[in-house]
Amino acid sequence: MVQFGQHLRAARLACGLTQADVAKRLRVSKGYISRLEGGKARPAESTVRRLAELCATDPSPLLILASHLPRDVREILWQQPTEAPAVLRETFGHNDYEQNERTHLAIAVAEPQAIYQPSKASYELFQGDCFEWMEHRQPDSIHAIVTDPPYGLKEYTAKEKAKLRRGRGGVWRMPPDIGGCVRRPLPRFTVLNNDEKQQLTKFFRQWGACAFRVLVPGGHVFMATNPLLSQLVYMALIESGFEKRGEIIRLVQTLRGGDRPKNAHDEFKGVTVMPRSCWEPWGLFRKPCEGRVQDNLRKWKTGGLRRVSSEQPFCDVIRSSPTRSLERDIAPHPSLKPQGFMRQIVRAALPLGEGVVLDPFMGGGSTIAAAYAVGYVSIGIESDLEFFSIARTAIPKLTALVPNGESKDRSSRPLQNATRSAQPSLFGRT
Ligand SMILES: C[S@@+](CC[C@H](N)C(=O)[O-])C[C@H]1O[C@@H](n2cnc3c(N)ncnc32)[C@H](O)[C@@H]1O
């Protein structure tokens with residue numbers, strides 16, 4: 001790490017920043033920056049990227065010096081496992097790859113703010129890249145994944161997030177004000193071109209391989225998608241070895257689609273270019289069971305979905321509302337999912353209520369809050385420092401909310417039966 005520290009110090013000085021400036025922007029202590037520059041700490045990949053961005057320097061050398069291979073380099077090594085090391089050895093003359101080097105790479109990332117486990121709570125939060133985290137996680141150690149990934153891919157890049165935070169431009173569009181109310185930004189998925197769609201497929205294939213490895217046999221994945229891109233995501237997960245087990249339809253009125261042709265509204269008054277979207281698909285996948293479902297349930301505690309009650313199975317259409325402003329005020333993340341819906345799917349994800357639920361794209365923490373509310377153990381990973389700190393503060397507060405009623409502050413103890421009656425209301429009482 002000494003070389004990393006020297007490189008970082010040189011980059012910081014070159015752009016005229018003090019250690020205190022960098023610490024303030026990263027929301028860490030000055031002492032931590034000093035330890036990084038002294039080679040005494042190893043930062044998470046996302047922290048290295050933030051440091052490089054702040055110091056206006058290429059992140060690749062810093063990533064490599066901190067033992068995080070940049071993703072494109074890692075991909076080259078994976079895709080050319082024979083040629084790439086041979087070319088490197090030939091060029092740079094080292095041939096001493098040792099087993100303990102790998103152990104070094106696998107050391108857990110530990111730094112202020114990067115790992116958070118509140119006392120007495122049943123969840124752990126990690127700030128960092130979920131691909132890296134899953135690669136280092138023990139195989140067969142997660143019982144369900146409930147997640148809402150950045151399937152537009154672009155919307156959570158540093159550039160697009162900066163535009164989102166500035167409030168203009170990029171893939172985030174600001175819906176028009178209705179009745180003077182300021183509305184939250186929505187990502188524009190239709191801006192993905194063919195290359196980007198291929199990239200998306202590749203992203204999910206790679207993600208699928210990591211997820212398959214960490215899930216126990218019979219473990220389910222609930223994955224939020226959207227009707228324009230779901231087929232790409234689903235194919236990629238199937239190619240990674242998952243069985244498609246259906247789709248959960250979240251019935252929710254959105255503001256996507258339903259518009260008349262742009263700049264020709266009056267001419268084509270009776271035309272809608274795309275249907276107004278009133279549902280959100282959540283792909284449901286399962287890692288194949290070992291033997292029969294009953295055998296798998298006995299051995300791994302997975303393979304099925306938890307019933308709502310002994311009379312009521314878990315159903316695949318769930319009536320939902322857009323996320324309430326009460327929840328968005330607690331966790332101001334642009335893609336926050338509502339507790340009323342999340343608690344129903346998270347609860348269903350562990351058939352016996354035992355095991356660990358993972359959300360590798362945690363965002364504002366809605367999955368983890370839902371897991372905590374229904375009494376499950378969970379792990380959340382978020383790469384963005386700002387969203388990570390939002391989630392950290394928001395989870396206990398979201399957990400304490402009554403899902404669809406008024407804001408009644410409950411104590412933050414887990415609400416075991418929080419979703420008992422939620423599903424039947426779809427077909428009966430509303
Ligand atoms: C669609 S949002 C999730 C929102 C979340 N469901 C909620 O209710 O708040 C996706 C999140 O994944 C994060 N993300 C993107 N790439 C990541 C990666 N490689 N590892 C971890 N988090 C990542 C983004 O910063 C973003 O906050």
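1. Helix axes are lines fitted to C-alpha atoms over the stretch in contact, with angles taken between N-to-C directions on a scale from 0 to 180 degrees. The structure discussed in this note is a predicted model.

2. On that basis, the axes of α15 (residues 339-349) and α16 (residues 366-373) come within 8 Å and cross at roughly 65°. The crossing of α15 and α16 is right-handed.

3. Which residues carry the contact between α15 and α16? From α15 they are Gln339, Met342, Arg343 and Val346, which meet Ser366, Thr367, Ala369, Ala370, Ala371 and Ala373 of α16. By class, this contact comprises six nonpolar residues, three polar and one charged. Arg343 is the charged member, because Arg counts as charged whereas Gln, Ser and Thr count as polar.

4. The shell around the ligand holds 21 residues, of which Asp148, Phe361, Gly363, Gly364 and Ser366 come nearest. Two or more shell residues are contributed by each of α9 (130-136) and β11 (377-382). In composition, the shell has 10 nonpolar, six polar and five charged residues.

5. Strand β2 (residues 123-127) is mostly covered, with four of its five residues buried. Its partner is β11: the two strands run parallel and are joined by five bridges. Within this pairing, Phe126 stands opposite Ile381 of β11.

Terms used: Residues numbered from 1 in each chain as written. Predicted model: local features only at pLDDT ≥ 70, side-chain atom pairs only at ≥ 80, totals over all residues. Near = placed C-beta within 6 Å. Left-handed = near helix turned anticlockwise from the far one by under 90°. Contact = placed C-beta atoms within 7 Å. Buried ≥ 20, exposed ≤ 12 C-beta atoms within 10 Å, placed from the backbone. Pairing = 2+ DSSP bridges.
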